[in-house]
Structures are given as C-alpha cells and as structure tokens.
Amino acid sequence: MTAAGTLRTGIDKDTGVAVLTLDRPERHNAIDLATAAELGAAWRRFRHDDSVRAIVVTGAGDKAFCTGIDRAAHVPQPGSPYTIDDPLLSIGPKANDLWKPVIAAVNGMACGGACYLLGEAEFLVADEHATFFDPHTTYGMVSAFESIHMAQRMPFGEVARMALMGTAERISARRAYEIGLVSELTPPGGALGAAVRAAGTIASYPTEAVQGTVRALWSAKEAARAQALAHAPHLIALGNLPPERQAELFGARRGHGFLTR
C-alpha cells in the first residue's frame, strides 16, 4: 500500500488488481488541485506497470465516493471567453490514455465532478446507500462535462433530469441499477469487495484480449463523445455565473432538503 498525499494505492501482485482510493473523507473525497495531479500521475503509472491488469477506484469512508471539485480550491481562469481551465479534465483513466479496465466502487454520494471518474470507468458497483446527483444548475453553473460523461452511461431523460434537478433530487443506488448506470448492488460496505472480485476475474484473462476489448467498447462511442466534449468549455464560459454569485447561491442553500428516487 502506498500513499501520495490525498490518494492511496494498493496493488495485489498475485491477482494483478490495483485499488486507487480517494483519501479525503473529511472533505467527502472532494478533489483539490493536489489530488487531481495525483490521479493523473497514478493512471500514467499504471500504463507502464505490467503487474497491474485491472483497477478499482473508490473513496475512503462510507459517506462519499467523490463530491467533485473541492470548493476551497482556487483555479485561476484565463480572461478569454473561449476557454476554461478545468483541473478535473485529466483525472480519468481515458484522459491519461490508460486502456486497462477500471471498475468504480461507489460508496455514499457521487456527485458533480465525480462524473469525470464514473464516466471513464468500464462499469460501476455500488453500495445500496449510494446516491448520484449533479448540483451544477442549482449553483448557477453549466453541467457540461458531467452531463456528457453521463449521457454515455444513462438514458437521455435520466441524465437530463439529474442535471436539471440539481440538488433537489438524488438518484438512489436502486434506481441507478434499474437504469443501467450501476451493474451490481451490494449491501452497505460491500461495493469495494465486489469490485475487487470482478477486477480479479478480468485480470486473470490474457491482458491483450482484455485491453483490446476495452478499446473496442470505447471506439463505439468515442467520436460522438469527443465532439460533445469539445463544445463543453464554450457552454461553461457562456453560461456560468460569476464565481462570487455561485458562492452566494452555495451558501444560501446549505441545509436544504432533497428527495431521493
């Protein structure tokens, strides 16, 4: 087991399975700039480590898988309205050209920028108490990258509802399973073990065949996905409220209730 600040990595050399754990439970595993950099570096290391044949990504604790970008993170933006700087763009395996299979073990909340990780995993396993939501519109932000990632995994109407309802509603693990976002439900605390078992099975197969299958799966939708992602920065630059106004909305809505479906 190795630790790199806000990220823990464990590799089982016998099974070929690596477990990558976001380790900021006190911040609901929100991603700050250091964590974003560590995630990118970890995926790139796995590319060159032949002992790793499958990876599980999860979050520490039982409250959250990941709640996206840490609101305390300061990300300076260029003055141009045609571009944005988004530290989450490089946190996923595909963004780092890793084509080894990745399984997400979801425990607790998965929201907002967590979609960058969920959207680049091969499939998801979730605890029964897991929930999924996207708070962007509530706080005056465009859900662009998140919606595009989820549109590859969920029916259009479900993605639209999640993005547009913002913090007012959460998708339960059961509902996520029913619509195909989650491939397996487990009792509380069971998602990581189930994901590791699945990863162990996959890692036991010839790696060339496995990675070729991963590439084939992603090639089926890569053109549309790449085209959609290219539009995202412009939509965000045009549609986001100024940061100070976002902060006002965020502060005003703390403690508000929500529905789970």
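**Labels and their cut-offs**

Tutor: Strand 5 and strand 7 (residues 109-111) are paired in the parallel sense, over two bridges. This is a predicted model, in which local features need pLDDT of at least 70 and side-chain atom pairs count only at pLDDT 80 or more, while totals for chains, interfaces and linings use all residues. Residues are numbered from 1 along each chain as its sequence is written, and side-chain values use heavy atoms, with hydrogens and water left out.

Student: Why is Cys66 called buried?

Tutor: Buried means under 20% relative accessible area, exposed means over 50%, and partly exposed lies in between (1.4 Å probe, protein chains only). Cys66 has 0% relative accessibility, so Cys66 counts as buried. Cys111 has a relative accessible area of 5% and is therefore buried.

Student: How do you know that Cys66 is in no disulfide?

Tutor: A disulfide is a pair of cysteine sulfur atoms within 2.5 Å. By this rule the count comes to zero disulfides. For Cys66, the nearest cysteine sulfur is that of Cys111, 7.4 Å away. That distance is too far for a bond.

Student: Is Thr131 buried or exposed?

Tutor: Thr131 has 11% relative accessibility, so Thr131 counts as buried. Thr131 belongs to strand 9 (residues 131-133). Contact means heavy atoms within 4.5 Å. With neighbours within four places in sequence left aside, the contacts of Thr131 are Gly108, Met109, Ala110, Arg170, Ile171 and Thr260.

Student: What makes strand 8 largely enclosed?

Tutor: Four of the five residues of strand 8 (residues 123-127) are buried, so strand 8 is largely enclosed by the rest of the structure. Strand 8 pairs in the parallel sense with strand 6 (residues 102-106) over four bridges. Strand 8 also pairs in the parallel sense with strand 11 (residues 184-186), over three bridges.

Student: Why is Asp97 called partly exposed?

Tutor: Asp97 has 39% relative accessibility, so Asp97 counts as partly exposed. Asp97 lies in the loop between strand 5 and strand 6 and has a positive phi of about 60° although it is not a glycine. Asn29 is not a glycine either, and has a positive phi of about 55°. At 1% relative accessibility, Asn29 counts as buried.

Student: How do you know that the buried residues of helix 7 are on the same side?

Tutor: In helix 7, the buried residues are Val210, Val214 and Trp218. They cover an arc of only 65° around the axis, which puts them on the same side of helix 7. The arc is that of the directions from the helix axis to the C-beta atoms. An α-helix has 3.6 residues a turn, so residues three or four places apart point the same way. On the other side of helix 7, Glu208 and Ser219 are exposed. The buried residues of helix 7 pack against helix 6 (191-203) and helix 8 (222-239).

Student: What makes a set of residues a nonpolar core?

Tutor: The members are buried Ala, Val, Leu, Ile, Met, Phe, Trp, Tyr and Cys residues joined through side-chain atoms within 4.5 Å. The largest nonpolar core has 50 residues, and among those touching the most other members are Trp43, Phe65 and Leu181. A second, separate core of 14 residues includes Val19, Val56, Ala194 and Val210.

Key
Pairing = 2+ DSSP bridges.
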